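Thank you all for coming.

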Amino acid sequence: FRRMKVLPDGDWPPSIGRHESKIALIEHGRDRLPGAKEAAQLQRDYVGGNVDRILTQKKEVRYEDIFDFENDVTGEKSKHFRMLIDGAPGVGKTVLCRRFCKDWGTGNILQQFSIVWLLHLRDEEIAKAKSIEDLFQLGNKQLREEMVQYIEMMDGEEALLICDGFDELSLKERTEHSLFLDIIRGKVLPQCSVIVTSRPYASLKLQL
């Protein structure tokens, strides 16, 4: 990740000028998930470009502090979290994930994790994964087996999984039994921290 480019090669970003996206960080406790009405209103704000309404009377959060979560019970900083990055196409969800990985690799953020792996769910081989080992596209079979053994032994503790493009999965994979849903919902690797990016229409009923 230290050598990875934050911006992908090609025609991105557009050459028509500087582009910025506003991000609203909305924190929900373990027992406090957004209700259907609240989620629907957030979706309307995304589509209508009314993120300023969400930001009204909210405190500013520095990029370095995005992952400072408190335990619901003890009030102490929590190392384990589940985060949904929701946004319309082209706002920079993938670039933000690459930035997370780059900054982890250079020692700037997320240093509580010994393993961080980024999965682009538009990749058909990744989307068809049936086991943890299928998620690692490493050429070295021995290294892949050792990584999987370590992650499973720790129940995912000290590991961060970034699932980029939840909306790229098929409707069946998003709504029925699948490896990704089991990981996201903590049924598999319950101690693994997870970041999921998605377009709003696909994540509306996603329970983290």
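How many of the six residues of β4 are buried? Five of them are, so that this strand is mostly covered, where buried means under 20% relative accessible area, exposed over 50% and partly exposed in between, with a 1.4 Å probe and protein chains only. Before going on, please note that this is a predicted model, in which local features need pLDDT of at least 70 and side-chain atom pairs count only at pLDDT 80 or more, while totals for chains, interfaces and linings use all residues. Residues are numbered from 1 along each chain as its sequence is written, and side-chain values use heavy atoms, with hydrogens and water left out.

Strands (E, at least two residues) and helices (H or I, at least four) are DSSP runs, numbered from the N terminus. Four strands form an open sheet in the order β3-β6-β5-β4, with parallel pairing, and two strands count as paired if DSSP finds at least two bridges between them. β3 (82–86) and β4 stand at the edges with a single partner strand each, so one side of each is left without a neighbour in the sheet. From one strand to the next, the twist averages 10°, the angles running from 0 to 180 degrees between N-to-C directions of axes fitted to C-alpha atoms, for helices over the stretch in contact. β4 and β5 are joined by six bridges, and across this pair Val116 stands opposite Leu160 and His120 opposite Asp164.

Let me turn to the interior. Not counting residues up to four places away in sequence, Leu135 touches Trp117, Leu119, Ile126, Ala129, Leu179, Phe180 and Ile183, contact meaning heavy atoms within 4.5 Å.

Finally, what is the nearest side chain of opposite charge to Arg174? It is Asp167, 6.9 Å away, and the buried Arg174 has no salt bridge, which would require a side-chain nitrogen of Lys or Arg within 4 Å of a carboxyl oxygen of Asp or Glu. Arg174 lies in helix α6 (residues 171–175), and its contacts beyond four places in sequence include Phe166, Leu181 and Tyr201.

Notes: Lys and Arg count as positive and Asp and Glu as negative; His and the chain ends are not counted.
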